[in-house]
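Subject: Structure handover

Hi,

Here is the structure I promised to pass on to you. Have a look at it first, and then read on for my notes.

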Amino acid sequence: KGLVVTQLDVEPGECIKVKGKIQSDAKGFAVNVGKDSSTLMLHFNPRFDCHGDVNTIVCNSKEDGVWGEEDRKADFPFQHGDKIEICISFDEAEATVKLPEAEFKFPNRLGMEKIEYLAVEGDFKVKAIKFS
Ligand SMILES: C=CCO[C@@H]1O[C@H](CO)[C@@H](O[C@@H]2O[C@H](CO)[C@H](O)[C@H](OCc3cn(Cc4cccc(/C=C/CN=C(N)N)c4)nn3)[C@H]2O)[C@H](O)[C@H]1NC(C)=O
């Protein structure tokens, strides 16, 4: 299992910065934010080669353990072995995932007003997390 942070109180406009390294043989990784593991505002899941997807970011929400509708992004700004910093923020309308050269939006389907839970899973080695 990866890094899990609970008891957070991240409010709209604040940033969660996750710094780390994508493994050189990564098949995929995921950054999950929300209330807890069953209630996610955003499952941000870059897939290098898994579940039949190649170089595709799959985003989704999860409500009481049930996945929502997937949203596949056009861009894939990741490479094996990359050292990256992912900044996640949100407001009442949407979550934003900022990378150095790309930005992704995902609707705040659950109308969440704070992020209490962060989990990083898969082929990603977390170096640091910062809240600002
Ligand atoms: C076409 C057939 C039916 O349609 C498919 O149906 C699958 C099951 O519902 C969906 O897949 C599901 O999609 C969900 C989002 O919607 C989650 O991502 C979920 O994963 C949850 C999950 C996370 N985690 C931890 C984790 C996260 C990232 C990497 C690793 C492991 C590293 C891999 N490295 C190795 N092995 N070296 C582990 N485990 N499970 C995934 O199973 C597919 O997208 C979907 N595909 C399409 C095109 O529609």
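Let me start with a definition: two strands pair if DSSP finds at least two bridges between them. Strands themselves are DSSP runs (E, at least two residues), numbered from the N terminus. With that in hand, E94 stands opposite P107 in β10.

Before going further, some ground rules. This is a predicted model, in which local features need pLDDT of at least 70 and side-chain atom pairs count only at pLDDT 80 or more, while totals for chains, interfaces and linings use all residues. Residues are numbered from 1 along each chain as its sequence is written, and side-chain values use heavy atoms, with hydrogens and water left out.

**β9 and β10**

E94 and P107 belong to a pairing in which β9 and β10 run antiparallel over six bridges. The two strands make a hairpin, with two residues between them. β10 has two faces: A102, F104 and F106 are on the covered one, while E103, K105 and P107 are on the uncovered one.

K105 also takes part in a polar contact (a pair of N or O atoms within 3.5 Å; within protein, one must be able to donate a hydrogen and the other to accept it, and residues adjacent in sequence count only if both atoms are side-chain atoms). Its backbone oxygen lies 2.6 Å from a polar side-chain atom of K73. K73 sits in the loop between β7 (71-72) and β8. Is K73 buried or exposed? It is buried, at 18% relative accessible area; the cut-offs are under 20% for buried, over 50% for exposed and partly exposed in between, with a 1.4 Å probe and protein chains only. Apart from neighbours within four places in sequence, K73 is in contact (heavy atoms within 4.5 Å) with T56, I57, C59, F104 and K105.

β3 (29-36) is largely enclosed by the rest of the structure, because six of its eight residues are buried. V33 takes part in both pairings: its bridge partner in β11 is L118, and in β4 it is L42. A hairpin of two residues connects β3 to β4.

P46 is in strand β4 (residues 39-50) and counts as buried, because its relative accessibility is 0%. Not counting residues up to four places away in sequence, P46 touches G28, F29, T56, I57, F76 and F78.

**The core**

A nonpolar core is a set of buried Ala, Val, Leu, Ile, Met, Phe, Trp, Tyr and Cys residues joined through side-chain atoms within 4.5 Å. The largest one has 33 residues, of which I22, F29, L42, F44, F78, I86 and L118 touch the most other members. Strands that each supply at least two residues of this core include β2 (16-22), β5 (53-63) and β8 (83-90). I22 has contacts beyond four places in sequence with F29, F48, F78, Q79, H80, G81, D82, I84, D123 and F124.

**The ligand**

This may be the part you open first. How many residues surround the ligand? There are 15, and the closest are H43, R47, N60, E70 and D123; a residue is near the ligand if one of its heavy atoms lies within 4 Å of it.

- E70: 2.6 Å from an oxygen atom of the ligand.
- D123: 2.7 Å from a nitrogen atom of the ligand.
- N45: 3.2 Å from an oxygen atom of the ligand.

Taken alone, the ligand exposes 990 Å², and the protein buries 50% of that; these areas come from the Shrake-Rupley method with a 1.4 Å probe, and for residues only the protein chains shown count as cover. β3, β4 and β11 are the elements that give two or more residues to the shell, and β4 contributes the largest share, three residues.

**Two backbone angles**

Most residues other than glycine have a negative phi. H51, in the loop between β4 and β5, has a positive phi near 55 degrees, and it counts as exposed at 69% relative accessibility. D64, in the loop between β5 and β6 (66-67), has a positive phi of about 50 degrees and is exposed, at 63%.

Happy browsing!

Notes. Helix = DSSP H or I, 4+ residues; strand = E, 2+ residues; numbered from the N terminus.
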